[in-house]
Amino acid sequence: MAVQTPFSGLLFMHRLLRMSTPGHRRLRGLDLLHRGGGGTRTVSTFPVKCTEDKGDSSAAAGLLLLPRRRRPLSPLERISSLLPRDALSPEVTRLMEQDPEVSVTPEEEHGEVDPVTPSAPPALPGESAVAFGELLVAEYRRKERVEFRKMFELQPGARLQSSWGVIPHDDVAGHPAGRFLKTSRGVRILVRRASLDDYALYMKRGPAIAYPKDVSAMLMMMDVTEGDCVLESGSGSGAMSLFLSRAVGCRGRVLSVEVREDHHKRAVLNYKRWRASWSLRRGQEWPDNVQFHMGDLGKASPLLAARGFHAVALDLINPQLVLPAVIPHLHPGAVCAVYLANITQVIDLLEGVRCMALPLLCERIAEVSIRDWVVAPALRKDGRYCSRIAPVLDQDQREEADREETTAEEHQAFGSVPYIARPHPEQMGHSAFLVKLRKCVR
């Protein structure tokens, strides 16, 4: 839809555009005025042609009164646009020809999407891309808090569902781990490989697991090293078995005994699932060094016959009932670590050791507690960093400090931003008591 507008009206419209349009977007409007003369022009909100009264309409160049959205001009383009074409050097002309105009969408202009996707850095030695079948963890953090965390197995055609949007699994496969991906709602979620710690916390469970913080303390108590032979009673969901399997390595062995059939099956499935994911991740097999056995350890004398153990880990309701069958197969000076949920169980254990006169020395009863902290730069309500304000002595220094605070950039100098440091509001409470019993020869 075109209308006939006199040149004075065209000039008025250009002034309106000048007040509402950035400087680098007014170039085409200026070009239209410089080329135009007196008379009548045909103007439209769509791309139109500027025709001269004397010339042929086919010779007029197509110009936009309302230009397209463009990327910000570089300093070279700003200066070159103010100079005549014949005044530019050949080097500048070649650079301008190599940098064509790039249109920018409204989403890019407002920072909703990245205009340029950075190229992936070169792979480091030993680095591998994520493959289907691996176990991954997706997490979303907001204001130093984890709002979403989920472990999943990467499968072709599947999708990661969350309250913050959807991510197709096909977009994750074939790329490096530990990168941010945007969901269908534009939320950036970190996708990384699952560690053994993550797997123990988020795998399918039967009974309650031994938490990694307690398992690490038990491994230190037992002093488990590569090549050891370890006995575990109470396979549960298989968390302790996996940590022991990694500790003893390829040359060691772990015997895991469970009395309940459902717990035994769950532990075996979790162990196999982790081994399958590990082989895809590293290109080598996880050591198959755990022997799962279903039965009562107190009545498993044939199973323990001709065996010796460097350490024993017990996770039972009444561990004192199996100690008479276990202690003869424990090396002298070795440690039996017991995982108990209640302090009354600890009392019953020590009373059983005393009454049966077992050659055990209770060296330690401990409770492992971890206190998480929040340490982050202090921010104002508008999202800017706070600034350290040194004490001032006179009015001039106070005014100068106020000016520096108001003009501070987002990335301030080292040591100029104060930090907040306080305990995290969500803490993990009591999980278990750990009892360290050492076999001694009397």
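E139 counts as buried because its relative accessibility is 7%, where buried means under 20% relative accessible area, exposed over 50% and partly exposed in between (1.4 Å probe, protein chains only). This is a predicted model, in which local features need pLDDT of at least 70 and side-chain atom pairs count only at pLDDT 80 or more, while totals for chains, interfaces and linings use all residues. Residues are numbered from 1 along each chain as its sequence is written, and side-chain values use heavy atoms, with hydrogens and water left out.

E139 sits in strand 5, residues 135–142; strands are DSSP runs of E with at least two residues, numbered from the N terminus. Leaving aside residues up to four places away in sequence, E139 touches F148, R149, I189, L190 and R192, contact being heavy atoms within 4.5 Å. The side chains of E139 and R149 are joined by a polar contact of 2.9 Å.

A pair of aromatic rings is described by the distance of the centres and the angle of the planes. Rings of Phe, Tyr and Trp (its six-membered ring) pair if their centres lie within 6.5 Å; planes under 30 degrees apart count as stacked, over 60 as edge-to-face and the rest as tilted. The count by this rule is 7 aromatic pairs. One of them is tilted: F148 and W164, at 6.0 Å centre to centre with 45° between the planes. F148 belongs to strand 6 (residues 145–153) and W164 to the loop between strand 7 (159–162) and strand 8 (165–168), so the pair ties together parts 16 residues apart in sequence. Both residues, F148 and W164, are buried.

W278 and W286 pair edge-to-face, because their ring centres are 5.2 Å apart and their planes lie at 80°. Both W278 and W286 are buried, and together with Y199 and W274 they form one aromatic cluster.

Conventions:
Helices (H or I, at least four residues) and strands (E, at least two) are DSSP runs, numbered from the N terminus. A polar contact is a pair of N or O atoms within 3.5 Å; within protein, one must be able to donate a hydrogen and the other to accept it, and residues adjacent in sequence count only if both atoms are side-chain atoms.
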